[in-house]
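Dear colleague,

Please find below the structure that I am handing over to you, together with its sequence. My notes on what was found follow it.

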Amino acid sequence: MNNNTPGQEGAEPLPAAAKLVAFYLSRDRVLSLIDTERLPPLHLQALQGADVPMATAILTNAVGAHLLQAIAAGGVRTLQQLAFDGSLTDGTPFIYNGHFFGKGFGADNKKPGLTLTGPLDEPLEGKKLVLEFSKNGLVNDTAYTRMSGSTRLFAYAYVAEITDDTVRAIPYAIGDLVTSRSTMALPFASTLELRPNDIQQFSGSDPMWAPTKAEFARMAEVTERKVKETIAGLLGEHEVPADWGGEESDLFSAELLVRGQRRTGAFLLKGPAKFHPMMPRDLGKNGDQLYRLFNIPAAIYIVQHCHTISPSVRKTVEAFALQRSLTAPCRYVIMDGYETARLLRAAGAWPASKGSPQEMAGGRS
């Protein structure tokens with residue numbers, strides 16, 4: 001099933017709810033986090049270590065739902081969000097979805113300790129995240145293969161110690177965050193991203209066209225206001241808001257058409273004042289522009305920039321969207337300078353090269 005195919009009339013453009021398939025659980029810690037009075041008796045007994053029928057299946061597939069409810073109810077934030085606003089301190093719980101390298105899972109390793117280690121991006125660039133836990137918490141045989149070597153996992157943990165180069169954490173749970181309504185266990189994070197041309201008003205851009213280096217340099221001539229006016233025009237918005245310092249978004253519209261359904265969208269637009277690849281530091285002090293953007297109740301969040309957008313920004317936007325989606329399903333769109341150029345060209349707003357006639361809409365360079 002391809003969740004990103006444009007033009008699927010009546011298809012659901014928002015992601016299915018997330019499901020946590022657990023490979024590791026700290027049972028005592030999990031019991032302290034969830035409302036045990038509402039747990040089905042077998043679930044409670046399995047967490048308490050009792051020998052109950054289907055105990056492995058319960059710990060792998062059922063307990064995760066209770067944990068995700070606790071994460072949502074507690075407003076637990078991602079590691080990136082905590083780092084942005086200076087709230088990353090010892091004892092702070094967080095969620096993280098990313099790359100790890102698992103050590104200690106080999107059959108010849110007799111030691112009880114296991115680790116997952118992953119490099120961190122800006123705003124924690126130069127540090128690594130290290131999760132430390134015991135084999136006793138592994139809940140199924142799949143854990144040994146799924147968590148060893150180079151892998152991508154979801155972790156719910158708390159900070160144990162922060163040093164110059166390490167964030168050491170103790171996990172409550174580690175597993176796969178997948179979609180709950182799919183015949184295949186699709187990674188949940190991958191369902192959150194839309195391509196710009198999944199928005200029907202933007203689908204006229206030519207995905208086969210890419211600007212040359214000289215043509216791409218013309219993006220430095222396109223003001224943020226021009227991009228905003230172009231997008232507003234395509235969406236049929238007659239009023240283009242003026243910029244001001246306290247805005248939560250540069251543009252908000254309830255007119256986005258995605259797979260035949262009308263959706264709300266909040267835009268963060270970045271013009272050529274800094275014509276370089278977007279980094280997290282370009283998103284305001286402490287990432288406040290992303291905080292304000294994702295504070296708006298919207299179905300789709302669009303981050304646009306006149307230049308390329310770094311992998312660290314993409315990971316950060318994904319982290320904000322993932323955290324929000326646990327309580328309010330949403331999607332996000334990354335529109336870099338190349339995608340913006342295609343959109344401007346299709347809308348007849350692509351700047352002509354100096355000394356040449358003005359190019360027509362969709363014209364040839």
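A residue is called buried when its relative accessible area is under 20%, exposed when it is over 50%, and partly exposed in between. Please note also that this is a predicted model.

An α-helix has 3.6 residues a turn, so residues three or four places apart point the same way.

Helix H8 (residues 288-294) also contains tyrosine 291, whereas phenylalanine 320 belongs to helix H9 (residues 311-325). The ring centres of tyrosine 291 and phenylalanine 320 are 5.1 Å apart and the planes stand at 75°, so this pair is edge-to-face. It therefore ties together parts of the chain that are 29 residues apart in sequence. The accessibility of the two partners falls into separate classes: tyrosine 291 is partly exposed at 24%, while phenylalanine 320 is buried at 2%. Tyr291 and Phe320 form one aromatic cluster with Phe294 and Tyr301.

Leucine 290 is in contact with Leu268, Leu283, Val303, Thr316, Val317 and Phe320, if its neighbours within four places in sequence are left aside.

Nonpolar cores

The largest nonpolar core has 52 residues, and Leu25 and Leu290 touch the most other members. Helix H3 (residues 55-74) supplies the largest share of this core, nine residues. There is a second, separate core of 29 residues, which includes Leu82, Leu114, Leu124 and Val178. In soluble globular proteins, nonpolar side chains tend to be buried together.

Helix H7

Helix H7 comprises twelve residues (residues 224-235), which at 1.5 Å a residue should span 16 Å; the end C-alpha atoms are 17 Å apart, in agreement with that expectation. Its buried residues are Val227, Lys228, Thr230, Ile231, Ala232 and Leu235. These buried residues pack against strands E8 (251-258), E9 (261-270) and E10 (300-305), and against helix H10 (337-346). Just after H7, glycine 236 takes a positive phi of about 80°.

Arginine 225 is partly exposed at 33% relative accessibility, and glutamate 229 is partly exposed at 37%.

The sheet

Five strands form an open sheet with mixed pairing, in the order E7-E11-E10-E9-E8. E7 and E8 stand at the edges with a single partner strand each, so one side of each has no neighbour in the sheet. The pairing of E8 with E9 is antiparallel and runs over six bridges. Valine 258 stands opposite glutamine 261 in E9.

Other aromatic pairs

The count of aromatic pairs comes to eleven. One of them joins tryptophan 209 and tryptophan 350 edge-to-face, with 5.7 Å centre to centre and 80° between the planes. This pair links distant parts of the chain, 141 residues apart: tryptophan 209 is in the loop between strand E7 (193-194) and helix H6 (213-216), and tryptophan 350 is in the segment after H10. Tryptophan 209 counts as buried at 11% relative accessibility, as does tryptophan 350 at 2%.

Other salt bridges

A search of the whole structure finds 14 salt bridges. Among them is the one between aspartate 85 and arginine 77, whose closest N and O atoms are 2.4 Å apart. Aspartate 85 is partly exposed, with a relative accessible area of 29%, and arginine 77 is partly exposed at 24%. Elsewhere, Glu132, Glu161 and Arg168 are linked in a network of salt bridges.

With kind regards

How values were computed. Residues numbered from 1 in each chain as written. Predicted model: local features only at pLDDT ≥ 70, side-chain atom pairs only at ≥ 80, totals over all residues. Heavy atoms only, no water. Helix = DSSP H or I, 4+ residues; strand = E, 2+ residues; numbered from the N terminus. Expected span 1.5 Å × (residues − 1). Buried < 20%, exposed > 50% of the residue type's maximum accessible area, 1.4 Å probe, protein only. Contact = heavy atoms within 4.5 Å. Phe/Tyr/Trp six-rings, centres within 6.5 Å; stacked < 30°, edge-to-face > 60°. Salt bridge = Lys/Arg side-chain N within 4 Å of Asp/Glu carboxyl O. Core = buried A, V, L, I, M, F, W, Y, C linked by side-chain atoms within 4.5 Å. Pairing = 2+ DSSP bridges.
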